[in-house]
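Please look through the sequence and the structure shown here, then read on.

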Amino acid sequence: MCNKGEHQAAAPDRPLTREDFTSAQWQHLERCVALAEEALLAGDAPFGSVLVNAQGEVLREDRNRVNTVNKTYHPEIELARWAATHLDRDTRQQCVMYTSGEHCPMCSAAHGWAELGAIVYIHTTGQLTEWMQSFG
Ligand SMILES: [Zn+2]
């Protein structure tokens, strides 16, 4: 399903670092963190996502709103829904979704049904689970 464009090289078999990203990609990831912080400060869960087209333009961004809108308002599914409504199939397949956390099953399904391209996430669900357990 993933469209392997020039900007979508396969990830190496190790955790990625700042040096693995272009400055534009890093800015998208930093924006995800800022959106996650915005969500947290608004009383929602700390997740944010940015949808970028093949030309590197930000098409849409959103943050988690599970406490202020409804329990299914994850940014990833909202971006997938937006893309399915507003973008043609070729454009969707070339998009990259940058997101703070690995997609949950609901958002993974929406991403697949919308036929979006690559996903770049900052932390895995396993890491999140470990962090949540360490917080008590
Ligand atoms: Zn989700």
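## A partly exposed residue in a loop

Glu-115 is partly exposed, because 17 other C-beta atoms lie within 10 Å. On the scale used here, a residue is buried if 20 or more other C-beta atoms lie within 10 Å of its own, exposed if 12 or fewer, and partly exposed in between, with C-beta atoms placed from the backbone. Glu-115 belongs to the loop between helix 4 and strand 4. Its phi is positive, near 60 degrees, although the residue is not a glycine.

## Basis of the description

The model is predicted: local features need pLDDT of at least 70, side-chain atom pairs count only at pLDDT 80 or more, and totals for chains, interfaces and linings use all residues. Residues are numbered from 1 along each chain as its sequence is written.

## Overall architecture

The chain contains five helices and four strands. Helices (H or I, at least four residues) and strands (E, at least two) are DSSP runs, numbered from the N terminus. Read from the N terminus, the order of elements is α-β-β-α-α-β-α-β-α.

The radius of gyration of the chain is 14 Å, which agrees with the value near 14 Å for a compact globule of 136 residues. This radius is taken over C-alpha atoms, and the globule rule is 2.2 Å times the number of residues to the power 0.38. Along the principal axes, the C-alpha atoms fill a box of roughly 40 × 35 × 25 Å. Of the 136 residues, 31% count as buried. Among contacts with a separation of 6 or more, 51% are between residues 24 or more positions apart; two residues are in contact if their C-beta atoms, placed from the backbone, lie within 7 Å.

Four strands form an open sheet in the order 2-1-3-4, with mixed pairing. Two strands pair if DSSP finds at least two bridges between them. Strand 2 (58-63) and strand 4 (119-123) are the edge strands; each has a single partner strand, so one side of each lacks a neighbour in the sheet. From one strand to the next, the twist averages 10 degrees, where axes are lines fitted to C-alpha atoms (for helices over the stretch in contact) and angles run from 0 to 180 degrees between N-to-C directions.

Strand 1 and strand 2 run antiparallel and are joined by five bridges. Within this pair, Leu-51 has Arg-60 of strand 2 as its bridge partner. The two strands make a hairpin with five residues between them, and Gly-56 in the turn has a positive phi of about 85 degrees. Strand 3 and strand 4, in contrast, pair in the parallel sense over four bridges. Met-97 stands opposite Ile-119 in strand 4, and Gly-101 has His-123 of strand 4 as its bridge partner. The chain passes from strand 3 through helix 4 to strand 4 in a right-handed β-α-β crossover. Right-handed describes a path from the first strand over the helix to the second that runs clockwise, with the strands pointing away from the viewer.

## The nonpolar core

A nonpolar core is a set of buried Ala, Val, Leu, Ile, Met, Phe, Trp, Tyr and Cys residues joined through C-beta atoms within 7 Å. The largest one has 23 residues, of which Leu-51, Ala-80, Ala-83, Cys-95, Met-97 and Tyr-98 touch the most other members. Two or more residues each come from helix 1 (23-41), strand 1 (48-52), helix 2 (75-86), strand 3 (96-101) and helix 4 (105-113). Helix 1 contributes the most, with five residues.

Which residues does Met-97 contact, leaving aside its neighbours within four places in sequence? They are Ser-49, Leu-51, Glu-76, Leu-79, His-111, Leu-116 and Ile-119.

## Helices and their exposure

Ala-34 lies in helix 1 and is partly exposed, with 15 other C-beta atoms within 10 Å. Its C-alpha atom is 18 Å from that of His-103, a residue 69 positions away in sequence.

Arg-89 is placed in helix 3 (residues 89-94). With 10 other C-beta atoms within 10 Å, Arg-89 is exposed. The C-alpha atoms of Arg-89 and Leu-116 are separated by 8.3 Å, while the two residues are 27 apart along the chain.

Helix 5 (residues 125-135) is hardly covered, as the count of buried residues among its 11 residues is zero. Just after helix 5 comes Gly-136, with a positive phi of about 90 degrees.
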